[in-house]
Amino acid sequence: MIRNLLKQWTVILAAALAVAGCSGSGGDAKGNARVRWAYMLPTSWDPVTSRTGADINPVSIAYASLTRLDKQGNVQPALAKSWAYSSDGKTLTFELRDGLKFTDGTPLDASAVKAFFERGKTQKDSFLRAEIESIASFTADGPRRVVFHLARPDYQLPYVMAGRVGAIASPTAAAKDPAKLALWPVGAGPFKMVEFVPESHAYFVKNPDYWDAANIHIQRLELTTLSDPSTLIASLMSGAIDVAPIAPKRVEEARARGLQVTTAPSLISSDLMINRNKTPFNDPRVAEAVRYAIDRNELVRTLTAGLGTPSNQPFPPHYFAFDPETEDRWGYDPARAKALLAQAGYAPGSLTVEIVINPISNEGLPELLQAQLARVGIKSKLRLIPPGSSSWQSEVYIAKRPAIAVDGTVGRESPIQNLLAVYGPQGIMNLSGPYSAPAFLKAIDEVRATPIDDPHYAERLHRATRLGVEQGPSVWLFSTPIVIASRSRVKNLNIVPSQLRWEGVTVE
(Lines give C-alpha, C1' and ligand atoms only; values in the text may rest on other atoms or scores of the structure.)
Protein backbone atom coordinates (compact mmCIF):
# COMPACT_ATOMS: atom_id res chain seq x y z
CA MET A 1 0.00 0.00 0.00
CA ILE A 2 2.73 2.48 0.99
CA ARG A 3 4.68 1.76 -2.19
CA ASN A 4 1.69 2.70 -4.37
CA LEU A 5 0.99 5.80 -2.32
CA LEU A 6 4.60 6.92 -2.69
CA LYS A 7 4.11 7.05 -6.45
CA GLN A 8 0.71 8.69 -6.15
CA TRP A 9 1.87 11.47 -3.84
CA THR A 10 5.29 12.23 -5.31
CA VAL A 11 4.17 15.01 -7.64
CA ILE A 12 1.73 16.50 -5.12
CA LEU A 13 4.12 16.56 -2.20
CA ALA A 14 7.05 17.86 -4.23
CA ALA A 15 5.15 21.08 -4.90
CA ALA A 16 3.55 21.48 -1.49
CA LEU A 17 4.06 24.60 0.57
CA ALA A 18 7.38 25.80 -0.90
CA VAL A 19 9.06 28.14 1.54
CA ALA A 20 10.26 31.56 0.41
CA GLY A 21 13.77 32.72 1.13
CA CYS A 22 15.44 29.31 1.24
CA SER A 23 18.33 30.08 -1.10
CA GLY A 24 20.82 31.23 1.53
CA SER A 25 22.66 28.59 3.49
CA GLY A 26 23.99 30.74 6.33
CA GLY A 27 22.38 32.27 9.40
CA ASP A 28 21.75 35.77 10.63
CA ALA A 29 21.36 37.39 14.03
CA LYS A 30 17.69 36.44 14.09
CA GLY A 31 18.48 32.75 13.83
CA ASN A 32 17.21 32.49 10.24
CA ALA A 33 19.51 29.54 9.56
CA ARG A 34 19.33 26.62 7.18
CA VAL A 35 21.00 23.25 7.71
CA ARG A 36 21.20 20.50 5.09
CA TRP A 37 21.49 17.04 6.62
CA ALA A 38 22.33 13.91 4.61
CA TYR A 39 20.89 10.83 6.26
CA MET A 40 18.04 8.56 5.22
CA LEU A 41 14.32 8.97 4.88
CA PRO A 42 12.18 6.91 7.26
CA THR A 43 10.29 3.80 6.25
CA SER A 44 7.17 5.79 7.18
CA TRP A 45 6.51 9.29 8.50
CA ASP A 46 3.81 7.84 10.75
CA PRO A 47 5.35 6.50 13.99
CA VAL A 48 2.68 3.79 14.03
CA THR A 49 3.86 2.30 10.73
CA SER A 50 7.56 3.21 10.99
CA ARG A 51 9.60 -0.02 10.92
CA THR A 52 13.22 0.52 11.90
CA GLY A 53 15.18 1.87 14.84
CA ALA A 54 17.09 4.31 12.63
CA ASP A 55 13.76 5.95 11.75
CA ILE A 56 13.86 7.85 15.05
CA ASN A 57 16.40 10.25 13.54
CA PRO A 58 14.13 11.64 10.80
CA VAL A 59 10.91 10.99 12.73
CA SER A 60 12.10 13.14 15.65
CA ILE A 61 12.37 16.12 13.30
CA ALA A 62 8.60 16.31 13.07
CA TYR A 63 7.53 14.57 16.28
CA ALA A 64 8.13 14.93 19.98
CA SER A 65 8.05 11.87 22.22
CA LEU A 66 6.67 11.50 25.72
CA THR A 67 10.22 11.26 27.07
CA ARG A 68 13.72 11.67 25.64
CA LEU A 69 17.23 10.49 26.46
CA ASP A 70 20.18 12.56 27.58
CA LYS A 71 23.73 12.02 26.36
CA GLN A 72 24.27 9.26 28.94
CA GLY A 73 21.13 7.40 27.86
CA ASN A 74 19.11 8.38 30.93
CA VAL A 75 15.41 9.04 30.43
CA GLN A 76 14.29 12.68 30.76
CA PRO A 77 10.98 14.59 30.52
CA ALA A 78 9.74 15.72 27.12
CA LEU A 79 6.02 15.96 26.25
CA ALA A 80 5.47 14.38 29.65
CA LYS A 81 6.87 16.47 32.49
CA SER A 82 6.70 13.53 34.90
CA TRP A 83 5.63 9.91 35.28
CA ALA A 84 5.07 7.42 38.09
CA TYR A 85 4.31 3.73 38.59
CA SER A 86 1.79 2.39 41.07
CA SER A 87 3.18 0.40 43.98
CA ASP A 88 2.31 -2.92 42.29
CA GLY A 89 3.82 -1.82 38.94
CA LYS A 90 0.49 -2.37 37.15
CA THR A 91 -0.20 1.24 36.16
CA LEU A 92 2.05 3.93 34.73
CA THR A 93 0.81 7.52 34.75
CA PHE A 94 2.28 10.29 32.56
CA GLU A 95 1.60 13.94 33.38
CA LEU A 96 1.72 16.05 30.21
CA ARG A 97 2.93 19.63 29.90
CA ASP A 98 0.29 22.30 29.63
CA GLY A 99 -0.58 23.97 26.31
CA LEU A 100 0.83 21.35 23.94
CA LYS A 101 -0.51 21.21 20.39
CA PHE A 102 0.18 19.55 17.05
CA THR A 103 1.18 21.49 13.96
CA ASP A 104 -2.39 21.15 12.62
CA GLY A 105 -3.68 22.99 15.71
CA THR A 106 -5.11 19.90 17.45
CA PRO A 107 -4.51 19.97 21.23
CA LEU A 108 -1.94 17.40 22.38
CA ASP A 109 -3.72 16.31 25.53
CA ALA A 110 -4.32 13.02 27.33
CA SER A 111 -7.09 12.10 24.90
CA ALA A 112 -4.76 12.58 21.94
CA VAL A 113 -2.10 10.36 23.56
CA LYS A 114 -4.74 7.72 24.32
CA ALA A 115 -5.98 7.82 20.71
CA PHE A 116 -2.43 7.45 19.37
CA PHE A 117 -1.67 4.31 21.34
CA GLU A 118 -5.07 2.79 20.68
CA ARG A 119 -4.36 3.23 16.98
CA GLY A 120 -1.00 1.57 17.58
CA LYS A 121 -2.87 -1.38 19.07
CA THR A 122 -5.57 -1.71 16.40
CA GLN A 123 -4.38 -0.35 13.05
CA LYS A 124 -3.81 -3.28 10.70
CA ASP A 125 -0.36 -2.20 9.49
CA SER A 126 0.88 -1.00 12.90
CA PHE A 127 4.47 -1.75 13.85
CA LEU A 128 3.87 -0.50 17.40
CA ARG A 129 1.74 -3.45 18.44
CA ALA A 130 4.63 -5.62 19.61
CA GLU A 131 6.32 -2.63 21.29
CA ILE A 132 3.30 -1.88 23.52
CA GLU A 133 1.92 -5.38 24.04
CA SER A 134 2.55 -5.15 27.80
CA ILE A 135 -0.04 -2.33 27.97
CA ALA A 136 -3.61 -3.64 28.25
CA SER A 137 -5.44 -0.32 27.93
CA PHE A 138 -5.18 3.46 28.18
CA THR A 139 -7.32 6.03 29.96
CA ALA A 140 -7.32 9.82 30.07
CA ASP A 141 -7.58 10.95 33.67
CA GLY A 142 -8.22 14.61 33.04
CA PRO A 143 -6.78 16.76 30.22
CA ARG A 144 -3.10 16.21 31.01
CA ARG A 145 -2.92 12.82 32.75
CA VAL A 146 -2.77 9.63 30.68
CA VAL A 147 -2.72 6.26 32.43
CA PHE A 148 -1.26 3.03 31.01
CA HIS A 149 -2.94 -0.03 32.52
CA LEU A 150 -0.40 -2.83 32.23
CA ALA A 151 -1.02 -6.50 31.61
CA ARG A 152 2.13 -7.07 33.68
CA PRO A 153 4.74 -4.79 35.20
CA ASP A 154 7.03 -3.26 32.58
CA TYR A 155 9.61 -0.85 33.96
CA GLN A 156 11.19 -0.33 30.53
CA LEU A 157 8.31 1.79 29.24
CA PRO A 158 9.66 5.28 30.15
CA TYR A 159 12.74 4.41 28.02
CA VAL A 160 10.64 2.96 25.21
CA MET A 161 8.61 6.19 25.13
CA ALA A 162 11.75 8.20 24.30
CA GLY A 163 11.77 6.87 20.74
CA ARG A 164 9.36 6.49 17.85
CA VAL A 165 7.00 4.43 20.06
CA GLY A 166 6.31 7.54 22.12
CA ALA A 167 6.33 9.99 19.18
CA ILE A 168 2.72 11.14 19.32
CA ALA A 169 0.93 11.90 16.02
CA SER A 170 -2.15 14.07 15.57
CA PRO A 171 -5.38 12.07 16.02
CA THR A 172 -7.11 14.51 13.66
CA ALA A 173 -4.68 13.74 10.83
CA ALA A 174 -4.84 10.00 11.55
CA ALA A 175 -8.64 9.96 11.51
CA LYS A 176 -8.77 11.96 8.29
CA ASP A 177 -6.25 9.92 6.28
CA PRO A 178 -3.84 7.52 8.05
CA ALA A 179 -2.26 6.55 4.74
CA LYS A 180 -1.32 10.17 4.04
CA LEU A 181 0.18 10.43 7.53
CA ALA A 182 2.74 7.85 6.45
CA LEU A 183 3.91 10.39 3.86
CA TRP A 184 3.28 13.72 5.57
CA PRO A 185 3.93 13.89 9.33
CA VAL A 186 1.69 15.85 11.67
CA GLY A 187 3.36 15.95 15.06
CA ALA A 188 4.39 18.36 17.78
CA GLY A 189 8.13 18.20 17.23
CA PRO A 190 10.78 20.88 16.65
CA PHE A 191 10.01 21.23 12.93
CA LYS A 192 7.07 21.14 10.53
CA MET A 193 7.31 19.54 7.09
CA VAL A 194 6.83 21.86 4.10
CA GLU A 195 8.04 19.71 1.20
CA PHE A 196 8.56 16.01 0.57
CA VAL A 197 9.73 14.03 -2.43
CA PRO A 198 9.80 10.29 -1.66
CA GLU A 199 13.21 8.64 -2.01
CA SER A 200 14.75 12.12 -2.40
CA HIS A 201 14.29 14.73 0.31
CA ALA A 202 12.13 16.27 3.02
CA TYR A 203 12.22 19.96 3.99
CA PHE A 204 11.13 21.43 7.32
CA VAL A 205 10.73 24.80 9.03
CA LYS A 206 10.90 25.52 12.74
CA ASN A 207 7.75 24.81 14.73
CA PRO A 208 7.27 27.79 17.09
CA ASP A 209 4.82 25.75 19.20
CA TYR A 210 7.32 22.98 20.04
CA TRP A 211 7.55 22.69 23.81
CA ASP A 212 11.35 23.22 23.69
CA ALA A 213 11.35 25.74 20.81
CA ALA A 214 13.65 28.08 22.74
CA ASN A 215 16.47 25.59 22.16
CA ILE A 216 15.86 25.25 18.40
CA HIS A 217 18.08 27.76 16.60
CA ILE A 218 17.62 26.41 13.06
CA GLN A 219 14.91 27.99 10.93
CA ARG A 220 14.97 25.48 8.08
CA LEU A 221 16.19 21.87 8.09
CA GLU A 222 16.62 20.07 4.79
CA LEU A 223 16.94 16.29 4.95
CA THR A 224 18.34 14.56 1.88
CA THR A 225 19.11 10.91 1.26
CA LEU A 226 22.66 9.73 1.73
CA SER A 227 24.78 9.64 -1.38
CA ASP A 228 27.48 7.06 -2.02
CA PRO A 229 29.63 7.06 1.16
CA SER A 230 32.71 7.77 -0.94
CA THR A 231 31.23 11.10 -2.12
CA LEU A 232 30.00 12.46 1.23
CA ILE A 233 33.15 14.43 2.04
CA ALA A 234 33.16 16.01 -1.41
CA SER A 235 29.49 16.97 -0.91
CA LEU A 236 30.33 18.56 2.42
CA MET A 237 33.26 20.44 0.93
CA SER A 238 31.14 21.78 -1.91
CA GLY A 239 28.41 22.98 0.44
CA ALA A 240 25.79 20.69 -1.04
CA ILE A 241 25.23 19.35 2.48
CA ASP A 242 26.21 20.60 5.93
CA VAL A 243 26.02 17.52 8.16
CA ALA A 244 26.42 13.80 7.43
CA PRO A 245 27.48 10.58 9.14
CA ILE A 246 30.75 9.20 7.80
CA ALA A 247 32.59 5.93 8.17
CA PRO A 248 35.31 5.91 10.86
CA LYS A 249 37.92 5.17 8.19
CA ARG A 250 37.22 8.60 6.65
CA VAL A 251 37.81 10.64 9.81
CA GLU A 252 41.41 11.52 8.93
CA GLU A 253 40.44 12.60 5.41
CA ALA A 254 37.59 14.76 6.69
CA ARG A 255 39.78 16.53 9.22
CA ALA A 256 42.56 17.03 6.67
CA ARG A 257 40.08 18.83 4.45
CA GLY A 258 39.02 21.21 7.19
CA LEU A 259 35.74 19.62 8.18
CA GLN A 260 34.57 19.27 11.76
CA VAL A 261 34.39 15.69 12.98
CA THR A 262 32.30 14.88 16.02
CA THR A 263 32.42 11.45 17.62
CA ALA A 264 30.22 10.29 20.47
CA PRO A 265 29.48 7.01 22.23
CA SER A 266 26.69 5.18 20.48
CA LEU A 267 24.86 1.88 20.31
CA ILE A 268 25.93 1.21 16.72
CA SER A 269 26.93 -2.41 16.15
CA SER A 270 27.53 -4.24 12.87
CA ASP A 271 26.56 -7.85 12.30
CA LEU A 272 26.25 -10.61 9.77
CA MET A 273 22.62 -11.68 10.03
CA ILE A 274 22.07 -15.40 9.50
CA ASN A 275 18.77 -17.11 8.73
CA ARG A 276 18.51 -20.47 10.48
CA ASN A 277 15.42 -21.22 8.37
CA LYS A 278 17.44 -21.27 5.14
CA THR A 279 19.95 -23.75 3.74
CA PRO A 280 22.81 -24.17 4.65
CA PHE A 281 22.24 -22.42 8.00
CA ASN A 282 19.46 -24.77 9.03
CA ASP A 283 22.45 -26.85 10.13
CA PRO A 284 23.65 -25.05 13.31
CA ARG A 285 27.20 -26.25 12.69
CA VAL A 286 27.44 -24.06 9.60
CA ALA A 287 26.27 -20.97 11.49
CA GLU A 288 28.72 -21.77 14.29
CA ALA A 289 31.51 -22.14 11.74
CA VAL A 290 30.87 -18.60 10.52
CA ARG A 291 31.21 -17.27 14.07
CA TYR A 292 34.73 -18.72 14.30
CA ALA A 293 35.63 -17.73 10.72
CA ILE A 294 35.41 -13.99 11.38
CA ASP A 295 38.55 -12.13 12.44
CA ARG A 296 36.94 -9.19 14.25
CA ASN A 297 40.28 -7.60 15.08
CA GLU A 298 41.12 -7.42 11.38
CA LEU A 299 37.74 -5.79 10.70
CA VAL A 300 38.37 -3.15 13.36
CA ARG A 301 41.93 -2.43 12.17
CA THR A 302 40.95 -2.20 8.53
CA LEU A 303 37.58 -0.50 8.67
CA THR A 304 37.31 1.66 11.78
CA ALA A 305 40.64 3.50 12.03
CA GLY A 306 40.95 2.19 15.57
CA LEU A 307 37.63 3.70 16.68
CA GLY A 308 35.77 0.39 16.72
CA THR A 309 35.68 -2.41 19.25
CA PRO A 310 35.40 -6.14 18.39
CA SER A 311 32.08 -7.50 19.57
CA ASN A 312 30.16 -10.73 20.08
CA GLN A 313 26.89 -9.03 21.06
CA PRO A 314 24.61 -6.16 20.04
CA PHE A 315 25.85 -3.82 22.80
CA PRO A 316 29.21 -1.97 23.05
CA PRO A 317 31.33 -2.37 26.20
CA HIS A 318 30.47 1.07 27.59
CA TYR A 319 26.71 0.33 27.64
CA PHE A 320 25.06 -0.99 30.80
CA ALA A 321 23.40 -3.92 28.96
CA PHE A 322 26.77 -5.27 27.77
CA ASP A 323 27.33 -8.83 29.07
CA PRO A 324 30.97 -9.38 30.12
CA GLU A 325 30.60 -13.18 29.96
CA THR A 326 29.90 -13.03 26.22
CA GLU A 327 32.83 -10.76 25.38
CA ASP A 328 35.31 -13.50 24.35
CA ARG A 329 32.83 -16.27 23.56
CA TRP A 330 33.75 -16.71 19.89
CA GLY A 331 37.36 -15.89 19.09
CA TYR A 332 38.92 -16.14 15.65
CA ASP A 333 39.57 -19.87 15.08
CA PRO A 334 39.65 -20.81 11.37
CA ALA A 335 40.71 -24.39 12.14
CA ARG A 336 37.62 -24.89 14.27
CA ALA A 337 35.45 -23.29 11.56
CA LYS A 338 36.81 -25.73 8.97
CA ALA A 339 36.20 -28.67 11.32
CA LEU A 340 32.59 -27.64 11.87
CA LEU A 341 32.03 -27.31 8.13
CA ALA A 342 33.52 -30.78 7.60
CA GLN A 343 31.21 -32.21 10.26
CA ALA A 344 28.29 -30.65 8.39
CA GLY A 345 29.42 -32.39 5.19
CA TYR A 346 31.03 -29.46 3.38
CA ALA A 347 34.47 -29.96 1.90
CA PRO A 348 36.62 -26.84 1.36
CA GLY A 349 35.19 -24.82 -1.54
CA SER A 350 32.02 -26.90 -1.85
CA LEU A 351 29.74 -24.37 -0.13
CA THR A 352 28.66 -21.15 -1.84
CA VAL A 353 26.41 -18.55 -0.19
CA GLU A 354 24.87 -15.28 -1.36
CA ILE A 355 25.53 -12.35 0.99
CA VAL A 356 22.94 -9.59 0.74
CA ILE A 357 24.23 -6.05 1.34
CA ASN A 358 22.95 -2.49 1.10
CA PRO A 359 24.86 0.55 -0.19
CA ILE A 360 25.25 2.18 3.22
CA SER A 361 27.01 -0.78 4.81
CA ASN A 362 30.36 0.09 6.34
CA GLU A 363 32.66 0.71 3.38
CA GLY A 364 34.68 -2.39 2.56
CA LEU A 365 32.95 -4.58 5.15
CA PRO A 366 31.13 -6.94 2.74
CA GLU A 367 34.27 -7.55 0.71
CA LEU A 368 36.41 -8.20 3.79
CA LEU A 369 33.82 -10.63 5.19
CA GLN A 370 33.78 -12.35 1.82
CA ALA A 371 37.57 -12.76 1.99
CA GLN A 372 37.49 -14.09 5.54
CA LEU A 373 34.85 -16.69 4.70
CA ALA A 374 36.93 -17.78 1.71
CA ARG A 375 39.83 -18.55 4.07
CA VAL A 376 37.79 -21.31 5.73
CA GLY A 377 36.46 -22.65 2.43
CA ILE A 378 33.13 -20.80 2.08
CA LYS A 379 32.68 -19.19 -1.32
CA SER A 380 30.30 -16.26 -1.57
CA LYS A 381 28.83 -13.70 -3.91
CA LEU A 382 27.46 -10.27 -2.99
CA ARG A 383 24.01 -9.00 -3.96
CA LEU A 384 23.11 -5.35 -3.51
CA ILE A 385 19.65 -4.33 -2.27
CA PRO A 386 18.91 -0.58 -2.00
CA PRO A 387 18.03 0.55 1.54
CA GLY A 388 14.85 2.40 0.53
CA SER A 389 11.53 1.99 2.30
CA SER A 390 10.18 -0.50 -0.26
CA SER A 391 13.31 -2.54 -0.87
CA TRP A 392 15.73 -3.51 1.92
CA GLN A 393 13.09 -3.27 4.61
CA SER A 394 10.55 -5.26 2.61
CA GLU A 395 12.82 -8.04 1.39
CA VAL A 396 15.11 -8.38 4.41
CA TYR A 397 13.28 -7.14 7.49
CA ILE A 398 9.75 -8.16 6.54
CA ALA A 399 9.95 -11.08 4.10
CA LYS A 400 13.26 -12.38 5.56
CA ARG A 401 14.27 -13.88 2.21
CA PRO A 402 18.09 -13.85 2.47
CA ALA A 403 20.06 -16.65 4.06
CA ILE A 404 22.76 -14.20 5.15
CA ALA A 405 22.96 -10.39 5.11
CA VAL A 406 25.33 -7.65 6.29
CA ASP A 407 23.46 -5.34 8.64
CA GLY A 408 23.68 -3.61 11.98
CA THR A 409 21.76 -1.78 14.66
CA VAL A 410 21.86 1.84 15.75
CA GLY A 411 20.29 0.75 19.03
CA ARG A 412 17.01 1.50 20.72
CA GLU A 413 16.06 3.69 23.62
CA SER A 414 15.49 0.62 25.81
CA PRO A 415 17.95 -2.32 25.85
CA ILE A 416 14.99 -4.72 25.91
CA GLN A 417 13.68 -3.10 22.73
CA ASN A 418 17.05 -3.71 21.11
CA LEU A 419 17.23 -7.34 22.22
CA LEU A 420 13.73 -8.00 20.90
CA ALA A 421 14.56 -6.27 17.61
CA VAL A 422 17.50 -8.61 17.00
CA TYR A 423 16.26 -11.80 18.70
CA GLY A 424 12.51 -11.50 19.32
CA PRO A 425 9.90 -13.48 17.34
CA GLN A 426 8.81 -10.33 15.50
CA GLY A 427 12.17 -8.58 15.55
CA ILE A 428 12.95 -6.92 12.24
CA MET A 429 16.64 -7.82 12.56
CA ASN A 430 15.93 -11.40 13.58
CA LEU A 431 16.44 -12.92 10.16
CA SER A 432 15.55 -16.30 11.72
CA GLY A 433 12.15 -15.05 12.89
CA PRO A 434 9.72 -16.08 14.13
CA TYR A 435 12.15 -18.36 15.98
CA SER A 436 12.96 -17.09 19.47
CA ALA A 437 14.12 -19.32 22.30
CA PRO A 438 11.67 -19.67 25.22
CA ALA A 439 14.49 -19.18 27.76
CA PHE A 440 15.39 -15.87 26.14
CA LEU A 441 11.78 -14.64 26.17
CA LYS A 442 11.44 -15.64 29.82
CA ALA A 443 14.59 -13.67 30.65
CA ILE A 444 13.19 -10.64 28.81
CA ASP A 445 10.03 -10.76 30.90
CA GLU A 446 12.11 -10.95 34.07
CA VAL A 447 13.99 -7.80 33.11
CA ARG A 448 10.78 -5.94 32.27
CA ALA A 449 9.34 -6.82 35.65
CA THR A 450 12.43 -5.51 37.47
CA PRO A 451 12.65 -1.81 38.42
CA ILE A 452 15.84 -0.30 37.04
CA ASP A 453 17.02 0.63 40.54
CA ASP A 454 16.60 -2.95 41.77
CA PRO A 455 19.97 -4.51 42.76
CA HIS A 456 19.20 -7.52 40.52
CA TYR A 457 18.48 -5.44 37.42
CA ALA A 458 21.97 -5.50 35.87
CA GLU A 459 22.40 -9.25 36.47
CA ARG A 460 19.05 -10.05 34.83
CA LEU A 461 19.70 -7.72 31.92
CA HIS A 462 23.12 -9.28 31.24
CA ARG A 463 21.58 -12.76 31.35
CA ALA A 464 18.95 -11.74 28.77
CA THR A 465 21.72 -10.43 26.52
CA ARG A 466 23.68 -13.65 26.92
CA LEU A 467 20.71 -15.90 26.16
CA GLY A 468 19.84 -13.84 23.09
CA VAL A 469 23.36 -14.15 21.69
CA GLU A 470 23.42 -17.89 22.40
CA GLN A 471 20.03 -18.54 20.79
CA GLY A 472 20.62 -16.51 17.65
CA PRO A 473 22.94 -17.59 14.83
CA SER A 474 23.74 -14.04 13.70
CA VAL A 475 27.39 -13.03 14.01
CA TRP A 476 28.20 -9.74 15.73
CA LEU A 477 31.29 -8.03 14.38
CA PHE A 478 32.19 -4.72 16.02
CA SER A 479 30.74 -1.62 17.59
CA THR A 480 31.62 1.96 16.64
CA PRO A 481 30.93 5.44 17.95
CA ILE A 482 28.70 7.67 15.90
CA VAL A 483 30.88 9.81 13.64
CA ILE A 484 29.44 13.01 12.16
CA ALA A 485 31.24 15.28 9.72
CA SER A 486 30.01 18.83 9.35
CA ARG A 487 30.89 22.19 7.91
CA SER A 488 32.39 24.64 10.38
CA ARG A 489 29.29 26.85 10.33
CA VAL A 490 27.32 24.19 12.25
CA LYS A 491 28.08 24.19 15.97
CA ASN A 492 27.16 22.17 19.07
CA LEU A 493 25.90 18.95 17.49
CA ASN A 494 23.60 17.21 19.96
CA ILE A 495 24.25 13.46 19.87
CA VAL A 496 22.48 11.07 22.24
CA PRO A 497 23.05 7.28 22.17
CA SER A 498 20.31 6.46 19.67
CA GLN A 499 19.98 9.62 17.60
CA LEU A 500 21.11 13.05 16.48
CA ARG A 501 18.88 15.77 17.90
CA TRP A 502 18.68 19.46 16.98
CA GLU A 503 18.12 21.16 20.32
CA GLY A 504 21.05 23.46 21.04
CA VAL A 505 22.57 23.22 17.53
CA THR A 506 23.54 26.63 16.16
CA VAL A 507 24.57 27.97 12.76
CA GLU A 508 27.00 30.79 12.04
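These notebook entries follow what I looked up about the cores, cavities and pocket of this structure.

**Ground rules.** I am working with a predicted model, in which local features need pLDDT of at least 70 and side-chain atom pairs count only at pLDDT 80 or more, while totals for chains, interfaces and linings use all residues. I number residues from 1 along each chain as its sequence is written, and side-chain values use heavy atoms, with hydrogens and water left out.

**Entry 1, the cores.** I began with nonpolar cores, meaning sets of buried Ala, Val, Leu, Ile, Met, Phe, Trp, Tyr and Cys residues joined through side-chain atoms within 4.5 Å, where buried is under 20% relative accessible area with a 1.4 Å probe and protein chains only. The largest of these cores has 70 residues, and those touching the most other members are Trp 37, Leu 66, Phe 117, Phe 148, Met 161, Phe 204 and Trp 502. Helix H3 (residues 110–122) gives the largest share, 5 residues; helices here are DSSP runs of H or I with at least four residues, strands are E runs of at least two, and both are numbered from the N terminus. Because domain 1 (34–182) and domain 2 (209–264 + 482–507) both contribute residues, this core lies between them; the domain bounds come from an automatic or database assignment.

I then looked up Trp 37, leaving aside its neighbours within four places in sequence, and found contacts (heavy atoms within 4.5 Å) with residues including Pro 58, Leu 221, Val 243 and Trp 502. I also noted a second, separate core of 66 residues, with Ala 287, Leu 373, Ile 378 and Leu 477 among them.

On a 1 Å grid over the protein atoms alone, a cavity is a set of points where a 1.4 Å probe fits but cannot get out, and lining residues have an atom within 4 Å of a point. The second largest cavity has a volume of about 70 Å³, and of its 13 lining residues the closest to its centre are Ala 64, Ser 65, Thr 67, Arg 68 and Arg 501. This cavity lies between domain 1 (34–182) and domain 2 (209–264 + 482–507), because both give residues to its lining.

A pocket is an open set of points with protein on both sides within 12 Å along at least five of seven lines. The largest pocket has a volume of about 630 Å³, and Ala 130, Glu 131, Leu 420, Gln 426 and Gly 427 are the closest to its centre of the 30 residues that line it. I noted that domain 1 (34–182) and domain 3 (269–479) each supply at least three residues of this lining.

Technical notes
Buried means under 20% relative accessible area, exposed over 50%, partly exposed in between (1.4 Å probe, protein chains only). Grid points are joined across faces, edges and corners, and a volume is the space filled by probe spheres set on the points.
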